[in-house]
Amino acid sequence: MTAVIDARAFRSAVVPPLACIVLVAVAWQTMASLLHSPLLPGLTEIGGAFAHIAASGMLVPQIAATLGRVALGFALAFALAVAIGLPMGRSPRARRFLEPAMLIGLTVPGLVWALLCVIWFGVSLANPIVAVALSAAPAIAITIAQGVRNVDPDLLEMAHVFHFGPLARARDLWLPALAPYLLSGARFGLSLAWKVIVLVEIFGMSSGVGYQLNAAFSSQNVALVLAWTLAFGVVMAVLEYGVMQALERRATRWRRSARV
Amino acid sequence: MSVAVRLTGVGKTFTRPETGVSEIALRDISLSIEPGELVAFVGPSGSGKTTLLNLIARLQLPDTGAVELTRADGAVPRLAMVFQQPRLLEWRTVAENVRLAADAAGIPRERVAPALEAVGLAAYGGAFPLMLSGGQRQRVALARAFVVEPDIILFDEPFSALDELTARTLRSAMQTVRAIRPHTGILVTHNTLEAAFLADRILSFGAHPGRIVGEERVAIPRPRDPDDERLFRIHQRVLRELGV
């Protein structure tokens with residue numbers, strides 16, 4: 001019985017996204033076959049370009065360079081966002097003080113941060129880290145602040161009455177209560193980080209997926225542009241399904257248990 | 001005579017921030033509660049019962065007067081509270097919810113299982129609160145209060161959100177646990193029959209401003225039967241005190 005349920009759950013989890021990917025691939029191939037244009041290469045050409053970068057040994061180091069920069073920038077963004085979001089959520093005065101800066105940060109396009117950081121930091125590692133942090137931190141901070149405001153005051157009162165220590169409050173009350181907001185902030189922040197890192201690498205770095213995209217663009221090699229984009233997409237899918245959704249499942253297992 | 005809770009001339013005024021209008025929630029409340037005694041506060045909405053409970057729990061501070069909680073050995077008395085809603089951490093299991101309170105009070109974790117057993121939840125330690133019924137969730141809240149071995153337990157309408165059948169079972173469970181481990185208790189309730197069943201003394205509160213308008217002793221030995229005729233007579237006297 002359990003095996004039947006597991007197989008069914010697996011099918012319902014895997015089949016829809018696979019179907020979507022297959023549908024997009026078929027639509028793309030149909031379009032490429034109908035247009036016969038070098039600007040719209042078919043799946044075989046894109047696959048060939050992908051195999052070429054994989055065989056050349058560039059794929060892993062270039063993606064690793066980009067991932068490393070995103071990870072460092074995102075870690076800084078997250079730390080800043082927690083430091084800003086917690087007081088914003090707890091104190092109306094802090095919120096009124098910090099909100100304009102966060103709103104301005106949200107409205108500045110990633111391209112502007114990328115350009116500014118290239119000017120400020122040149123080709124150093126600080127360039128992508130600061131650009132990613134500045135782009136992602138405001139969105140994450142606002143999400144965290146909203147989460148803090150939504151923490152049930154009745155639970156805080158209960159923790160006060162029962163004299164919960166700072167560790168128990170943080171580990172057993174604040175962190176689980178904020179988990180959905182931290183995760184959704186992280187997800188949104190990561191999506192912004194990906195966009196800005198490509199720009200930074202296009203304008204101011206000599207490695208990474210953005211740099212390779214720019215090189216492929218300069219040689220008007222659309223198949224190569226798409227192959228790098230595809231590689232990037234695969235990494236993001238692994239992060240989303242392998243890391244973010246696993247974290248989400250872990251953080252909300254208590255909610256699912258109620259439906260069993 | 002020793003005293004567990006002493007209130008002297010306690011007053012509390014709230015100001016509505018939107019209008020700036022002040023309202024006296026409590027005026028000049030003085031009362032003493034003996035160790036082991038269970039006193040019920042009954043009265044209409046707005047009579048300041050819950051405010052008074054919050055002052056005793058130190059969730060708020062009085063504007064005038066003093067709230068003293070004492071223990072015979074001079075130590076600081078340990079306080080627990082059962083709220084109208086269970087206020088459980090839904091992401092922690094039943095046992096973890098109780099254990100967290102025990103940890104905070106320095107009570108050994110071995111006491112968690114007996115506390116759950118005392119409220120009839122021995123088999124539910126590993127369950128998450130969302131898997132439980134409303135009555136079971138409130139039982140967890142009772143276990144959390146009992147496990148810290150409190151000197152004083154404050155009950156803020158603990159059964160008012162439950163159906164009468166469940167509430168009746170829980171009142172009996174509370175009576176049983178109190179018999180095993182006596183403690184001073186303060187019960188805020190709208191239900192005068194509930195007050196008569198559980199309390200040693202019933203204080204009736206009037207509204208605007210909140211003040212004590214009557215006192216009734218319940219000299220019926222325990223264990224009490226919820227259908228005892230004498231409880232109904234006390235209930236009627238309390239209603240008269242409240243002007244109903």
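First, the ground rules. This is a predicted model, where local features need pLDDT of at least 70, side-chain atom pairs count only at pLDDT 80 or more, and totals for chains, interfaces and linings use all residues. Residues are numbered from 1 along each chain as its sequence is written, chains are lettered from A and ligands numbered from 1 in the order in which they are written, and side-chain values use heavy atoms, with hydrogens and water left out.

Start with chain A. It has eleven helices and zero strands. Helices are DSSP runs of H or I with at least four residues, strands are runs of E with at least two, and both are numbered from the N terminus. The C-alpha trace spans about 70 × 60 × 30 Å along its principal axes. Of the 260 residues in chain A, 36% are buried. Buried means under 20% relative accessible area, exposed means over 50%, and partly exposed lies in between (1.4 Å probe, protein chains only).

Now contacts, meaning heavy atoms within 4.5 Å. Take those in chain A between residues at least 6 apart in sequence: 72% join residues at least 24 apart.

Next, salt bridges. The cut-off is a side-chain nitrogen of Lys or Arg within 4 Å of a carboxyl oxygen of Asp or Glu. The whole structure holds 25 of them over all chains. In chain A, Glu240(A) pairs with Arg187(A) at 2.9 Å, N to O. Glu240(A) sits in helix α10 and Arg187(A) in helix α8 (residues 166–204), so the pair ties together parts 53 residues apart in sequence. Glu240(A) is partly exposed at 22%. Arg187(A) is partly exposed too, at 29%.

Over to chain B. Arg237(B) and Glu216(B) form a salt bridge at 2.6 Å, N to O. Arg237(B) is in helix α7 and Glu216(B) in strand β9, so parts 21 residues apart in sequence are tied together. Glu216(B) is buried, at 11%, while Arg237(B) is partly exposed, at 35%.

Back to chain A for the patch. Which residues gather in a patch of positive charge on the surface? They are Arg249(A), Arg250(A), Arg253(A) and Arg256(A). Helices α10 (222–251) and α11 (253–257) each give two or more residues to that patch. Patch residues have over 30% relative accessible area and no salt bridge, with like charges joined within 9 Å. Arg249(A), in helix α10, is partly exposed at 44%.

Definitions and conventions:
Patches are made of residues with over 30% relative accessible area and no salt bridge: like charges are joined within 9 Å, nonpolar side chains (Val, Leu, Ile, Met, Phe, Trp, Tyr) within 5 Å. Accessible areas come from the Shrake-Rupley method with a 1.4 Å probe; for residues, only the protein chains shown count as cover. Lys and Arg count as positive and Asp and Glu as negative; His and the chain ends are not counted. The place of a charge is taken as NZ of Lys, CZ of Arg, CG of Asp or CD of Glu.
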